[in-house]
Amino acid sequence: MSQARFTRRRRNLIARIRKLGLPALLVTDESNVTWLTGFTGDSSYLLIGPKLGVLISDTRYTVQIAEECSGLDVEIRDARRPMHDAIATVTTAAKLGALGFEAHSTSMATWERISAAIAGSNGGPELVSVGMVVNELRAKKDSGEIAEIRLAVHQAERGFAAMVSVLEADKTELEVAHELEHLMRRFGAEGPAFEPIVAVGPRAALPHARPGPTLIGESGFVLFDWGAKTTGGYRSDLTRVLLTSKIPPKLEAIYGVVLNAQRKGIKAIRPGATLKSVDRAARRVIENAGYGKFFGHGLGHGIGLDIHEEPRFSPVAEGVLEPGMVITVEPGIYLPGWGGVRIEDDVLVTRDGHEVLTSVPKRFEDAVVQIA
Ligand code: ZN
Ligand code: ZN
């Protein structure tokens, strides 16, 4: 991506920092650092404000920073010099009266070390928690980011189709999960967006089941939750249930409820719609069918450099949708001991409505597969 993107993002952030009345913000969330600078390494912080922009990193990354970033000062530390010392060097040189920090990505231990290090003879700059200010900016994707997410969707869908064509009843969940990861890489992904979920029958009742030794053919259906990560770091996230043998009528009924709920949720997506109202539109369908207490999680989450990011659809979420946001819609019904159905797509908020970025078929008849 061109450097102009990163400069523009930093400029937008600086306007927010000014509004907060702060001279600088210490960005410690790694994805936020990447989003603001283009730097793809880890263990590095960005100190940014109207009068300064310093990437604080270590000697492993000197060359990489020169290749990936421009328009920033760089403070490089070696193994003998801890991060909080490097931060103190920069804040002292800048004579800061206060310093914003990201509470969500700063542990208590890190906070204590930093505040001790920057406290000079006069007490040093006051540390002020700024909340999710960078994460909120990241919620609206620019055209380059949307193109990256489309690519991540494409890689996930190609990999999934190839995996389904070689699915066999006597493979284990874990073997199939590994195969899916491998196939997504074959279609250009850097790797999976997260460890894929492959959950057979009753195991699908666990919203975050880990693939294990259960055989694919052991029950009549399998839940897949998977996504790809592009080399640019952007992610996709999908869920489908495949029906592998004689279908219990109860499954067909539950599948129908979940699909209807998902369609109602997607239909409610447009600029200005509240996050709560979209969750409501889907949740109401599940509640009316009598399964309300079996849908415990929020309806969806933003995707981007992270697999779960802002905004979130939930009954308590505050805020409204804006063009450029990319968010999942993933209602589910989970019956302990019996199994679960979840259907998940990735949706872009457009200027006048929405576009569903994922296209794996999801009608009940599409879910039926023949396996060897
Ligand atoms: Zn998912
Ligand atoms: Zn998801």
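A residue is called buried when its relative accessible area is under 20%, exposed when it is over 50%, and partly exposed in between, with a 1.4 Å probe and protein chains only. The structure is a predicted model, in which local features need pLDDT of at least 70 and side-chain atom pairs count only at pLDDT 80 or more, while totals for chains, interfaces and linings use all residues. Residues are numbered from 1 along each chain as its sequence is written, chains are lettered from A and ligands numbered from 1 in the order in which they are written, and side-chain values use heavy atoms, with hydrogens and water left out.

**Overall architecture**

- The protein chain holds 10 helices and 18 strands, where helices (H or I, at least four residues) and strands (E, at least two) are DSSP runs numbered from the N terminus.
- Its radius of gyration, taken over C-alpha atoms, is 23 Å, close to the 21 Å that the globule rule gives for 372 residues, so the chain is as compact as a globular protein of that length; the rule itself is 2.2 Å times the number of residues to the power 0.38.
- Along its principal axes, the C-alpha trace spans about 75 × 40 × 35 Å.
- Of the contacts (heavy atoms within 4.5 Å) with a separation of 6 or more, 68% are between residues 24 or more positions apart.

**Surface and charge**

- The protein chain exposes about 16,300 Å², of which carbon and sulfur atoms supply 53%; accessible areas come from the Shrake-Rupley method with a 1.4 Å probe, and for residues only the protein chains shown count as cover.
- The mean positions of the 44 positive and 45 negative charges are 5 Å apart, with Lys and Arg counted as positive, Asp and Glu as negative, and His and the chain ends not counted; each charge is placed at NZ of Lys, CZ of Arg, CG of Asp or CD of Glu.

**Salt bridges**

- A salt bridge here is a side-chain nitrogen of Lys or Arg within 4 Å of a carboxyl oxygen of Asp or Glu, and by this rule the count comes to 27.
- Glu309 and Arg138 meet in one of them, at 2.8 Å from N to O; Glu309 lies in strand β13 (residues 309–313) and Arg138 in helix α6 (residues 133–138), so the pair ties together parts that are 171 residues apart in sequence.
- Both Glu309 and Arg138 are buried.
- Glu75 forms a salt bridge with Arg81, with the closest N and O atoms 2.8 Å apart.
- In the bridge between Glu310 and Arg312, the closest N and O atoms are 3.5 Å apart, and the two residues are partly exposed, Glu310 with a relative accessible area of 22% and Arg312 at 33%.
- Salt bridges that share partners also join Arg5, Arg8, Arg9, Asp142 and Glu145 into one network.

**Backbone geometry**

- Most residues other than glycine have a negative phi, and most peptide bonds are trans.
- The peptide bond from Glu310 to Pro311 is cis, with omega near -5°, and Pro311 is found in strand β13.
- Ser43, in the loop between α2 (30–37) and β2 (45–49), has a positive phi near 50° and is partly exposed, with a relative accessible area of 31%.
- Lys95, in the loop between α4 (83–94) and β5 (98–101), has a positive phi of about 50° although it is not a glycine, and is exposed, with a relative accessible area of 75%.
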